[in-house]
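The following report concerns a single protein chain. Please consult the sequence and the model shown here while reading.

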Amino acid sequence: MAPKESVAMSVSTPSAGYSRAQIILHWVIAALILFQLLVHESMEMAWDARMEGGPAEGANPLPHIIVGSAILILAAIRLIIRLRHGAPPHPAGQPAIFGVLAHIVHGLIYVLLFALPISGLVAWFGGIENAADVHGGPLRLALIALVLIHIAAALVQQFVLRSGILLRMMKPES
């Protein structure tokens with residue numbers, strides 16, 4: 001059995017790059033988030049119909065519920081892998097504030113990857129309108145904003161600062 005110190009060291013030691021699993025999970029979750037954003041209006045129609053006690057004409061909530069649940073599970077797996085495997089250090093030579101901002105944005109995205117599916121499940125299966133309002137309103141808008149910031153920052157890092165950061169999320173570490 002490994003001493004506790006070595007386990008703690010592996011959690012806090014940054015890796016040279018992302019693992020294949022981390023990269024796959026990143027892109028699968030990104031695609032699932034895009035899907036959720038595209039079917040959001042249909043889910044709103046299904047929610048409104050449910051709250052009015054009638055059938056949801058032309059709106060099937062099941063894909064949104066299944067994909068949201070998948071995001072929750074995959075985000076949990078991704079977080080566990082990140083805690084065990086670590087993440088590569090920020091690009092050398094960048095201002096320290098960039099690293100701080102990256103940590104904040106990534107942390108908030110993780111929070112939302114849990115908060116959105118949980119609030120959606122609570123709303124749908126509990127029939128709780130406040131959870132639905134938070135889910136489809138501020139949490140959804142916060143995720144959209146943070147994803148756009150994340151994408152913009154990655155593009156600036158890659159094409160303006162030429163840090164090669166995008167390659168880390170496309171090619172697993174050796």
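Which residue lies over the face of tryptophan 124? Arginine 50 does, at 4.7 Å from the ring centre; a charge sits over a ring if NZ of Lys or CZ of Arg is within 6 Å of the ring centre and within 35 degrees of the ring normal.

## Basis of the model

This is a predicted model, in which local features need pLDDT of at least 70 and side-chain atom pairs count only at pLDDT 80 or more, while totals for chains, interfaces and linings use all residues. Residues are numbered from 1 along each chain as its sequence is written, and side-chain values use heavy atoms, with hydrogens and water left out.

## Overall architecture

The chain has seven helices and zero strands; helices (H or I, at least four residues) and strands (E, at least two) are DSSP runs, numbered from the N terminus. The C-alpha trace spans about 55 × 45 × 25 Å along its principal axes.

Of the 174 residues in the chain, 34% are buried, where buried means under 20% relative accessible area, exposed over 50% and partly exposed in between (1.4 Å probe, protein chains only).

## Packing of α3 and α5

Helix α3 (residues 40-51) packs with helix α5 (residues 96-126) at an angle of about 35°, their axes being 11 Å apart. Axes are lines fitted to C-alpha atoms, for helices over the stretch in contact, and angles run from 0 to 180 degrees between N-to-C directions.

From α3, Met43, Ala46, Trp47 and Arg50 meet Ala123, Trp124 and Phe125 of α5, contact being heavy atoms within 4.5 Å.

## The aromatic pair

The structure holds one aromatic pair. The rings of tryptophan 47 and tryptophan 124 have centres 6.2 Å apart and planes at 50°, so the pair is tilted. Rings of Phe, Tyr and Trp (its six-membered ring) pair if their centres lie within 6.5 Å, with planes under 30 degrees apart counted as stacked, over 60 as edge-to-face and the rest as tilted.

Tryptophan 47 in helix α3 and tryptophan 124 in helix α5 are 77 residues apart. Tryptophan 47 counts as buried at 10% relative accessibility, and tryptophan 124 is buried with a relative accessible area of 13%.

## Nonpolar cores

The largest nonpolar core has 16 residues, and those with the most contacts inside it are Ile33, Ile71, Leu112 and Leu113. Such a core is a set of buried Ala, Val, Leu, Ile, Met, Phe, Trp, Tyr and Cys residues joined through side-chain atoms within 4.5 Å. Its largest share, five residues, comes from α5.

A second, separate core of nine residues includes Met43, Ala46, Trp47 and Ala131.
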